[in-house]
Amino acid sequence: MGSVMFSVCLFLLFCLLGFHWIGIVDASRFHFDRKIRLSTDGENSKIRLSTAGEDENPGTQWAVLLAGSAGYSNYRHQADVCHAYQILKRGGLKDENIIVFMYDDIANNPANPRPGIIINHPEGSDVYAGVPKDYTGKEVTVDNLFAVILGDKDSVKGGSGKVVDSGPNDHIFIYYTDHGGPGVLGMPIGPSLYAIDLIDVLKKKHAADSYKQMVIYVEACESGSIFEGLLPEGMNIYVTTASNAEESSWGTYCPGMEPSPPFEYDTCLGDLYSVAWMEDSELHNTMKETLDQQYQVVKERTSNHHTYGMGSHVMQYGDIPISEDPLSLYIGFDPANANATFENSLPQYQREKDAAAINQRDADLLYLWQKYKRSKPDSTEKLEAQQELIESMKHRLHLDKSINFIGKLLFGSEMGTPVLKAVRPSGQPLVDDWDCLKTMVRTFEAHCGSLSQYGMKHMRALANICNNGVSVDNMAEVSAEACTQIPSEKWKSLQVGYSA
């Protein structure tokens with residue numbers, strides 16, 4: 001029976017991971033010097049406009065970098081954040097003004113083939129060295145993130161205690177990378193980050209007159225849904241997201257791709273949108289390149305040259321005129337790039353080749369498959385990898401079937417799926433009643449187990465249950481009927497915590 005189940009799982013795995021590694025990004029053309037260049041006069045963290053002359057009070061640059069995942073299969077998210085830190089540090093931002101959130105379980109993970117080292121490109125050098133460990137492990141929470149953004153030192157629990165203690169002339173850069181779903185972003189310690197709560201925090205920050213302008217970059221599936229219909233104009237905030245409100249974002253530099261990670265790696269090293277903006281930043285003079293110019297470059301690369309076969313629609317929200325600002329106002333300026341020029345297009349080698357990428361939600365399956373494939377025959381490690389792969393597949397099937405069945409119980413066999421998958425018109429938020437959505441998430445998880453990083457894809461279904469006026473009692477009743485058991489103890493909400 002076990003061999004039959006494993007064969008079925010392998011078949012489903014190959015269906016899910018039916019990548020076609022079309023196109024290659026030529027890594028040899030990139031500059032991957034990871035040496036930290038410290039400012040000698042300590043003034044690089046002060047903003048100077050190259051076009052308008054010296055400002056009487058140019059303000060300070062702040063940055064918040066957050067990797068929202070844990071586990072070695074999510075290697076790429078912490079690699080993204082560490083890489084971003086190195087760019088900001090070379091750009092002249094001070095450690096006291098850069099606040100880093102990451103679980104910090106990758107660099108010294110037993111599965112890491114290079115202990116103490118993290119790379120974000122197949123030919124890249126270490127990006128982990130020197131990264132501040134401001135908030136790690138159980139300190140990487142929504143509450144701590146919000147307290148840091150608001151500069152609320154009293155509400156921070158654990159960690160370095162660093163917060164964005166900004167003033168009205170300061171510029172803030174926020175970068176988030178992880179899994180997501182409609183209206184939600186993942187965190188390694190529950191609950192998840194809900195769009196409405198982030199927007200409320202940004203409104204409070206704006207009302208406090210504690211920044212001049214803010215730029216936010218978000219890498220996650222359906223990341224556009226975090227701001228769609230929610231972020232008002234006039235708050236001096238400019239946002240770009242890896243995907244629109246309906247699609248996945250993509251991992252890259254994975255085993256089997258070209259360029260592929262070094263042979264010893266069995267996981268993806270980066271995310272497509274994230275490496276696009278960071279590698280672009282390392283190529284150009286950020287005092288001359290604008291946010292909009294970077295947006296256009298990242299948009300083209302992440303879209304796979306507008307094919308979207310293995311790519312997504314990079315979006316922008318908020319106060320779009322801010323995009324005319326130079327990048328240096330937010331990520332600093334690396335003197336090594338002083339003579340670099342900007343062409344408003346991808347380099348020739350990127351224009352000629354498509355990017356190799358994998359749906360973010362399938363990257364963990366690729367890792368488990370690589371782990372199984374590389375293990376010695378008949379070894380304990382191979383059996384464990386096989387069991388992990390089977391459990392992951394069973395969990396996915398359980399979630400998909402449970403949500404589908406709940407939809408049919410609530411809306412009928414014909415209307416269930418269309419109602420759950422309905423997408424609201426552009427400009428409207430995912431749901432009207434966010435408290436209802438959180439309640440429906442808890443109700444589902446109480447009966448059917450944790451949504452997990454994969455199950456966040458079903459947040460739209462739960463939102464549409466709210467949008468159609470289903471009561472909590474009714475939802476509890478159908479959830480209990482749909483989920484008579486949970487495939488594994490590890491997926492029970494009492495074990496992993498609730499997502500809301």
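**Close-up views of cavities and aromatic contacts**

**Figure 1. The lining of the largest cavity, by residue class.** This lining comprises 12 nonpolar residues, with no polar and no charged residues among them. The model shown is predicted. At least two lining residues come from each of β1 (61-67), β3 (171-177), α4 (195-207) and β7 (213-219). Strand β3 contributes the most, with 3 residues.

**Figure 2. The second largest cavity and its surroundings.** Charged residues in the lining include Arg 90, Glu 282 and Asp 334. Also present are Ile 87, Gly 91, Ser 281, His 284, Thr 286, Ile 331, Gly 332, Phe 333 and Asn 337. Helices α2 (75-90) and α5 (272-283) each provide at least two of the lining residues. In the model, cavities of 30 Å³ or more number 6.

**Figure 3. The aromatic pair Phe 173 and Tyr 217.** The model contains 11 aromatic pairs. In the pair shown, the ring centres of Phe 173 and Tyr 217 are 5.3 Å apart and the planes meet at 80°, so the arrangement is edge-to-face. Because Phe 173 belongs to strand β3 and Tyr 217 to strand β7, the pair ties together parts that are 44 residues apart in sequence. Phe 173 is buried, at 1% relative accessibility, and Tyr 217 is likewise buried, with a relative accessible area of 4%.

**Figure 4. The aromatic pair Tyr 175 and Trp 277.** The ring centres of Tyr 175 and Trp 277 lie 5.2 Å apart with their planes at 80°, so this pair is edge-to-face. Tyr 175 is in strand β3 and Trp 277 in helix α5, so the contact ties together parts that are 102 residues apart in sequence. Both Tyr 175 and Trp 277 are buried. One aromatic cluster is formed by Phe 173, Tyr 175, Tyr 217, Tyr 273 and Trp 277.

**Figure 5. The protein chain as context for the close-up views.** The chain has 16 helices and 12 strands. Of its 500 residues, 58% are buried. Among contacts between residues at least 6 apart in sequence, 78% join residues at least 24 apart. The chain exposes about 19,800 Å², of which carbon and sulfur atoms supply 50%.

Technical notes. Residues numbered from 1 in each chain as written. Predicted model: local features only at pLDDT ≥ 70, side-chain atom pairs only at ≥ 80, totals over all residues. Heavy atoms only, no water. 1 Å grid on protein atoms, 1.4 Å probe; cavity = no way out; pocket = protein on both sides within 12 Å on 5 of 7 lines; lining within 4 Å. Points joined across faces, edges and corners; volume = space filled by probe spheres on them. Helix = DSSP H or I, 4+ residues; strand = E, 2+ residues; numbered from the N terminus. Buried < 20%, exposed > 50% of the residue type's maximum accessible area, 1.4 Å probe, protein only. Contact = heavy atoms within 4.5 Å. Areas by Shrake-Rupley, 256 points an atom, 1.4 Å probe, with all protein chains shown as cover. Phe/Tyr/Trp six-rings, centres within 6.5 Å; stacked < 30°, edge-to-face > 60°.
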